[in-house]
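Please keep the structure open while going through the points.

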Amino acid sequence: GLNFIDLMVRQGNIDNPPKTPLVPGFECSGIVEALGDSVKGFEIGDRVMAFVNYNAWAEVVCTPVEFVYKIPDDMSFSEAAAFPMNFVTAYMMLFEVANLREGMSVLVHSAGGGVGQAVAQLCSTIPNVTVFGTASSFKHEAIKDSVTHLFDRNADYVQEVKRISTDGVDIVLDCLCGENTGKGLSLLKPLGTYILYGSSNMVTGETKSFFSFAKSWWQVEKVNPIKLYEENKVIAGFSLLNLLFKQNRSGLIKGVMDKLLNLYNSKKIKPVVDSLWALEEVKEAMQRIHDRGNIGKLILDVEKAPTPLVS
């Protein structure tokens with residue numbers, strides 16, 4: 001699976017970036033080729049998906065057993081590689097952090113991306129949830145049925161949301177950061193929850209630019225705790241990778257995966273795969289995410305041959 005965090009790793013826009021040489025990638029699917037001596041519950045030949053702390057973009061991947069899950073019979077390998085990061089992130093933000101319930105409203109940015117589509121699908125499993133989404137206008141036709149109200153990512157979505165819901169929304173899921181932090185907080189109803197789970201505005205042009213990076217941080221609204229208290233607002237952050245690999249919560253994630261696989265088996269959710277790419281095409285695949293051209297998830301497929309360039 002290819003995620004926006006991979007672009008941030010490439011540009012060094014993360015805390016403690018790993019030293020090169022390095023194999024990127026945090027999730028994959030495949031067939032079990034070998035087991036550790038004490039591994040139980042899996043057999044050679046099992047179809048599985050897994051979280052990996054780097055090194056997922058490879059033909060052979062090794063990861064501890066607590067990060068590995070069996071793939072349902074009718075799920076393809078490409079769907080399985082698109083499943084763990086996006087759906088666990090979306091589920092935990094909505095249900096574990098923000099306590100989504102019937103009749104609530106949610107604002108999600110990048111509604112056409114992998115997490116955005118997972119959020120929209122999970123919201124549809126709860127009655128009467130209103131989803132406000134922002135996305136590039138060329139994606140609107142493809143994703144208009146998955147969200148209640150769709151806005152252009154460059155429009156003044158704050159005014160658009162307030163026009164429809166005068167008192168704002170219950171949950172804001174922000175993967176952009178920058179100036180959107182203040183906008184998101186301003187849209188929260190009392191007892192509403194704002195969750196920052198990414199900072200894609202920090203990813204700039206082809207190369208890392210300190211000045212554009214600094215400009216994005218400068219636009220982040222300084223949060224005043226007294227104001228939070230007076231306005232009854234909740235501000236939260238969520239990082240699935242830190243939860244898994246730094247804070248040792250794989251048991252919690254396993255419970256969430258079990259719930260998600262039940263939803264998949266009952267046909268209530270389904271990963272949206274944008275496109276498959278050969279490993280040799282990783283540069284072009286990353287550019288597609290960078291340009292926000294994807295609807296759903298991009299997958300690197302080790303068995304795919306590169307597409308010949310048309311002269």
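1. A cavity is a set of points, on a 1 Å grid over the protein atoms alone, where a 1.4 Å probe fits but cannot get out; lining residues have an atom within 4 Å of a point. A volume is the space filled by probe spheres set on the points, which are joined across faces, edges and corners. The largest cavity has a volume of about 60 Å³, and a search of the whole structure finds 1 cavity of 30 Å³ or more.

2. The model is predicted: local features need pLDDT of at least 70 and side-chain atom pairs pLDDT 80 or more, while totals for chains, interfaces and linings use all residues. Residues are numbered from 1 along each chain as its sequence is written, and side-chain values use heavy atoms, leaving out hydrogens and water.

3. Which helix supplies the largest share of the lining of the largest cavity? H4 does, with 4 residues. Helices here are DSSP runs (H or I, at least four residues), numbered from the N terminus. Helix H3 (84-97) and helix H4 (114-123) each give at least two residues to this lining. Among the lining residues are Asn86, Phe87, Gly114 and Lys270.

4. Domain 1 (4-83 + 247-300) and domain 2 (86-242) each contribute at least three residues to the lining of the largest cavity. The domain bounds come from an automatic or database domain assignment.

5. With a disulfide taken as a pair of cysteine sulfur atoms within 2.5 Å, the count is 0 disulfides. For cysteine 62, the nearest cysteine sulfur is that of cysteine 28, 11 Å away.

6. Cysteine 175 is buried (under 20%), at 11%.

Note on methods
Buried < 20%, exposed > 50% of the residue type's maximum accessible area, 1.4 Å probe, protein only. 1 Å grid on protein atoms, 1.4 Å probe; cavity = no way out; pocket = protein on both sides within 12 Å on 5 of 7 lines; lining within 4 Å.
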